[in-house]
Amino acid sequence: MDCGSPIVVAPAPYIAATREPGWGAYLDGFLARNREALRALSLEPRIVSGRDGIRLELQPGLRAGAIPLRSAVTGQVAGGVVVNPRFGWPGVGQVLSATGWGSGPEFLSLPLVPGSGREVPPWVLAGPVLRRLKELLANLRPGYVERNEVRSHPRGQIQWQTYLTRQLPSGRWHHLPCRFSEIDTDSRLRQAVRWTLERLHYDLGAVGGGDQIALSLIGQIILLLEQVIDVPARRPLRGELERDMGGGSMTSLALLEGLRAMSWIVDERGLGGGRTSDGLAWTLPLEQLWERYVESLLRAEAGRTGGRVRVGRSGETVVPLAWDDPSHRALGHLVPDFVVHRPDGIEIVDAKYKSHFADLDANRWSALAEETQASMRADLHQVLAYAATAGSSDKIRATLIYPVRRNLYEDLEQRDRAETKALISVGSRQITLSMKAVPFGIT
């Protein structure tokens, strides 16, 4: 689980048969072969010495996902790791749906992960595939398509060599093999898109069951199928997608991402949910996902109240710092996550993917671990520093937003404790400091 307990890696599958127990001389080789994969999933290797010898632990970070693990001896895949999200798959699915699947997951150029297809829900792959297919269809434009047809009336260039070797000897003198160009969309590409959509519909229906995210994606599939209903479905041949589909009739990014997404389905890479055993290697930065979800909530609220949201990720909230010591240039600016301008003032918002609000609700401040206390103080100091840059507005709000489980949020709401505030007066300015709980997902 992300940010959860360390994973102990048993050495047996990854080393050669030996009489010596434990990792022995193979530990460095194992870490070297798997360094790229471990880094992609933010798994920090820790070597622990005990009475039983050396133990290898992997400490999960702020990412969910799946990676393969290679043998220290052969370099072949011998196992894998799946990191689950601490707020559960349903919550992640709902957040991804709310953000339009634009915030993940990211698929890795690594081998398949053994057994991961049984560990993750079907939409982990289906959602990103649908987003790419939607972009592909939106960018598909008519262009000149070269066709070869046998016609009773000539069009374009008559292929005389074919006519002399095929039509003439068989007595089909009036059948003319012609090559010509005409304006059209790439029908083969649209046929492949339809086949992919129908396959996704079948797989999600078969393994999704009562999964609300899977049912939501099925609804999107039906809408996309209406755009290709005029062509028959055709499974593309292996390698055909990359070789000769698409041409120049759309933007290159939409083409490449769409073709890659279809190849995952064509190559049976696995949707997850138990239908296939192995699955793609992927990673999902949960901190970024949480930030995008908070952005969607702020934009929805600003749309209702006439506010305007500026986003740090887009470089819209950067505040330069002019240090007199050149060695501090690495700390050259402050970047709040969000700055919300409203008619009645300014709100600085920082989205923190941390369990601090739940920790504080379950424990008194004095009972919290020193590390948690220090982290919460750092969060408060950070957002107050951001608030100091808010300009001349007399009414400023500095807000920290933390994720909680839905059931805890409902309990906090009943006790009127989902948000806690403190007022700080600085001259004529008044800063409202707020810590706020927001449920991660709907359920």
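Biologist: In which helix does Glu291 lie?
Modeller: This is a predicted model, where local features need pLDDT of at least 70, side-chain atom pairs count only at pLDDT 80 or more, and totals for chains, interfaces and linings use all residues. Residues are numbered from 1 along each chain as its sequence is written, and side-chain values use heavy atoms, with hydrogens and water left out. Helices (H or I, at least four residues) and strands (E, at least two) are DSSP runs numbered from the N terminus. Glu291 belongs to residues 286–305, which form helix 9.

Biologist: Is Glu291 buried or exposed?
Modeller: Buried means under 20% relative accessible area, exposed over 50%, and partly exposed in between (1.4 Å probe, protein chains only). The relative accessible area of Glu291 is 16%, so Glu291 is buried.

Biologist: How are the rings of Trp89 and Trp282 arranged?
Modeller: Rings of Phe, Tyr and Trp (its six-membered ring) pair if their centres lie within 6.5 Å; planes under 30 degrees apart count as stacked, over 60 as edge-to-face and the rest as tilted. Trp89 and Trp282 have ring centres 5.9 Å apart and planes at 55 degrees, so the pair is tilted.

Biologist: How many residues apart in sequence are the parts that Trp89 and Trp282 tie together?
Modeller: Trp89 lies in helix 2 (residues 89–98). Trp282 is in strand 10 (residues 282–285), so the parts tied together are apart in sequence by 193 residues.

Biologist: What is the relative accessible area of Phe440?
Modeller: Phe440 forms an edge-to-face aromatic pair with Tyr353, at 6.1 Å centre to centre and 65 degrees between the planes. Phe440 is buried, and its relative accessible area is 2%.
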